[in-house]
Amino acid sequence: VENTTITVPEGNDAIVVYGQYEDGNGQVTGGKGRSNVNIVSGTFNGNIAMYGKTVNDNITISGGTFNGEVSKDVKLAADIVIDENGNARVDNSDLQALVDKYEALNLKKADYTASSWTAYTEALNDARFVLANVKATKEDIVNVTAALEDAYKALVKAEDIPQTGDSSN
């Protein structure tokens, strides 16, 4: 399923896979074929559900926005999470934790050399941009994480630079 919008009344199912289920007469039916659904993109205002799942029935989410319940039987593709806004996106929780850690340090521009501070703040802003981008790839997240860590390690305290005419090391 790609580039699709499905909207149903609240509490209803937007996408359903039926495996084996019991009909009204106590007969088990369904589950004879294979149901594989891969949700790549789109907006789904309704539940994503599986009923009577068998080993042949799968729903995998690798992208999209979901405003409804997602069945516990639905698989998320590798490194994919559904965020607080219902967006399926690459897991960026480690990057978020790193940004939170550095922001909590309350570093001050005046304490660092201009060039090291500029590099650090650019890396921090790049990280924030990637965090806000629901289409950020795993590669984007890995690269900006490494750049932020490197920029933090490269911060140079202004007091560590000898002043003109200072003979100390």
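Contact here means heavy atoms within 4.5 Å. By that rule, Ile 48 touches Ala 14, Ile 15, Ile 39, Ile 59, Phe 66, Glu 69, Val 70, Ser 71 and Val 74, leaving aside residues up to four places away in sequence. The model is predicted. Its largest nonpolar core has 33 residues. Three salt bridges are counted, along with six aromatic pairs.

**Nonpolar core**
- Ile 39, Ile 48, Ile 59, Leu 95, Tyr 120 and Leu 148 have the most contacts inside the largest core.
- Strands S2 (13-18), S5, S7 (47-51), S8 and S12 (87-90) each give two or more residues to this core, as do helices H1 (93-104), H2 (114-132) and H3 (138-153).
- H2 gives the most, with seven residues.
- As background, nonpolar side chains tend to be buried together in soluble globular proteins.

**Three-stranded sheet**
- An open sheet of three strands runs in the order S5-S8-S10, with parallel pairing.
- Strand S5 (35-39) and strand S10 (75-76) are the edges; each has a single partner strand, so one side of each lacks a neighbour in the sheet.
- Five bridges join S5 to the parallel strand S8 (residues 57-61).
- Ile 39 stands opposite Ile 61 in S8.

**Asp 57**
- Asp 57 lies in strand S8.
- Is Asp 57 buried or exposed? Its relative accessible area is 1%, so Asp 57 is buried, the cut-off being under 20%.
- The Asp 57 side chain reaches the backbone nitrogen of Ser 35 at 3.4 Å.
- Beyond four places in sequence, Asp 57 touches Val 17, Tyr 18, Gly 19, Arg 34, Ser 35, Met 50 and Gly 52.

- In general, side chains of opposite charge can pair when their charged atoms come close.
- Arg 128 and Glu 103 form a salt bridge, with the closest N and O atoms 2.7 Å apart.
- Arg 128 lies in helix H2 and Glu 103 in helix H1, so this pair ties together parts 25 residues apart in sequence.
- Arg 128 is partly exposed at 36% relative accessible area, and Glu 103 is partly exposed at 34%.
- Arg 89 and Asp 83 meet through their side chains in a salt bridge at 3.1 Å, N to O.
- Arg 89 is buried at 9% relative accessibility, and Asp 83 is buried at 14%.
- Asp 73 forms a salt bridge with Lys 72, where the closest N and O atoms are 3.7 Å apart.
- Asp 73 counts as partly exposed at 27% relative accessibility, whereas Lys 72 counts as exposed at 75%.

**Aromatic residues**
- Among the six aromatic pairs, Tyr 102 and Tyr 120 are edge-to-face, at 6.3 Å centre to centre with 65° between the planes.
- That pair links distant parts of the chain: Tyr 102 is in helix H1 and Tyr 120 in helix H2, 18 residues apart.
- Tyr 102 is buried at 4% relative accessibility, and Tyr 120 is buried at 2%.
- Tyr 120 also pairs with Trp 117; this pair is tilted, at 5.6 Å centre to centre with 50° between the planes.
- Trp 117 and Tyr 120 both lie in helix H2, three residues apart, about one turn of the helix.
- Trp 117 is buried at 13% relative accessibility.
- Which residues form one aromatic cluster? They are Tyr 102, Tyr 112, Trp 117, Tyr 120 and Tyr 152.

Notes. Residues are numbered from 1 along each chain as its sequence is written. This is a predicted model: local features need pLDDT of at least 70, side-chain atom pairs count only at pLDDT 80 or more; totals for chains, interfaces and linings use all residues. Side-chain values use heavy atoms; hydrogens and water are left out. Two strands pair if DSSP finds at least two bridges between them. Helices (H or I, at least four residues) and strands (E, at least two) are DSSP runs, numbered from the N terminus. A nonpolar core is a set of buried Ala, Val, Leu, Ile, Met, Phe, Trp, Tyr and Cys residues joined through side-chain atoms within 4.5 Å. Buried means under 20% relative accessible area, exposed over 50%, partly exposed in between (1.4 Å probe, protein chains only). A salt bridge is a side-chain nitrogen of Lys or Arg within 4 Å of a carboxyl oxygen of Asp or Glu. A polar contact is a pair of N or O atoms within 3.5 Å; within protein, one must be able to donate a hydrogen and the other to accept it, and residues adjacent in sequence count only if both atoms are side-chain atoms. Rings of Phe, Tyr and Trp (its six-membered ring) pair if their centres lie within 6.5 Å; planes under 30 degrees apart count as stacked, over 60 as edge-to-face and the rest as tilted.
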